[in-house]
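Please look over the sequence and the model shown here before reading on. The report is meant to be read beside them.

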Amino acid sequence: QVQSWTPQLVTGPLDQTPPNKWTEVFWGLINCAPTLVAFCVLQFSDIFANYQVDAMTIFLVTVIIGFAIIFAVNSSIHSYLVVNYA
């Protein structure tokens, strides 16, 4: 569903329509952010060191949802570019 909303809700308001290779690079870099945040929290946070299950669950679900949304936007832009350049 997020993929179908990408042009109206994301790339349009950010003046990235129609997307080009730099738009894909930009969203590819943004797609790395949730993974980097998860790594830092997993390594350096007391939540995981002290095995606080509720906080761990909330954090992991939040990171996974954030990653999924960003990945869907990135995938939508990538799909558009594949068809456009084919």
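## Overall architecture

This is a predicted model, and its chain contains five helices and zero strands. Read from the N terminus, the elements follow one another as α-α-α-α-α. The radius of gyration of the chain is 16 Å, whereas the globule rule gives 12 Å for 86 residues, and the chain is therefore more spread out than a compact globule. Along its principal axes, the C-alpha trace extends over about 50 × 20 × 20 Å.

Of the 86 residues in the chain, 27% are buried. The chain exposes about 6000 Å², and 70% of this area is supplied by carbon and sulfur atoms. Among the contacts in the chain with a separation of 6 or more, 68% are accounted for by residues 24 or more positions apart.

The buried residues of α5 are Met56, Phe59, Val63, Ile70, Ala72, Val73, Asn74, Ser76, Ile77 and Leu81.

## Aromatic pairs

A pair of aromatic rings is described by the distance of the centres and the angle of the planes. In this model the count comes to three aromatic pairs, including the one formed by Phe26 and Trp27, which is edge-to-face, with 5.7 Å from centre to centre and 85 degrees between the planes. Within this pair, Phe26 is partly exposed, its relative accessible area being 38%, whereas Trp27 has a relative accessibility of 9% and counts as buried, because buried means under 20%.

Another pair is made by Phe48 and Phe59, whose ring centres lie 5.9 Å apart and whose planes stand at 80 degrees, so this pair is edge-to-face, given that planes over 60 degrees apart count as such. Phe48 belongs to helix α4 and Phe59 to helix α5, and the pair therefore ties together parts that are eleven residues apart in sequence. Phe48 is buried, with a relative accessible area of 16%, and Phe59 is buried with a relative accessible area of 16% as well.

Thr23 is located in helix α2, which comprises residues 21-30. With a relative accessibility of 6%, Thr23 counts as buried. When its neighbours within four places in sequence are left aside, Thr23 is in contact with Gln16 and Ile77, and Ile77 is itself one of the buried residues of α5.

Leu42 is located in helix α3, which comprises residues 33-44. Its relative accessibility is 41%, so Leu42 counts as partly exposed, a class that lies between the 20% and 50% limits. The C-alpha atoms of Leu42 and Phe59 are separated by 9.8 Å, although these two residues are 17 residues apart along the chain. Phe59, as described above, is buried and forms the edge-to-face pair with Phe48.

How values were computed: Residues numbered from 1 in each chain as written. Predicted model: local features only at pLDDT ≥ 70, side-chain atom pairs only at ≥ 80, totals over all residues. Heavy atoms only, no water. Helix = DSSP H or I, 4+ residues; strand = E, 2+ residues; numbered from the N terminus. Rg over C-alpha atoms; globule rule 2.2 N^0.38 Å. Buried < 20%, exposed > 50% of the residue type's maximum accessible area, 1.4 Å probe, protein only. Contact = heavy atoms within 4.5 Å. Areas by Shrake-Rupley, 256 points an atom, 1.4 Å probe, with all protein chains shown as cover. Phe/Tyr/Trp six-rings, centres within 6.5 Å; stacked < 30°, edge-to-face > 60°.
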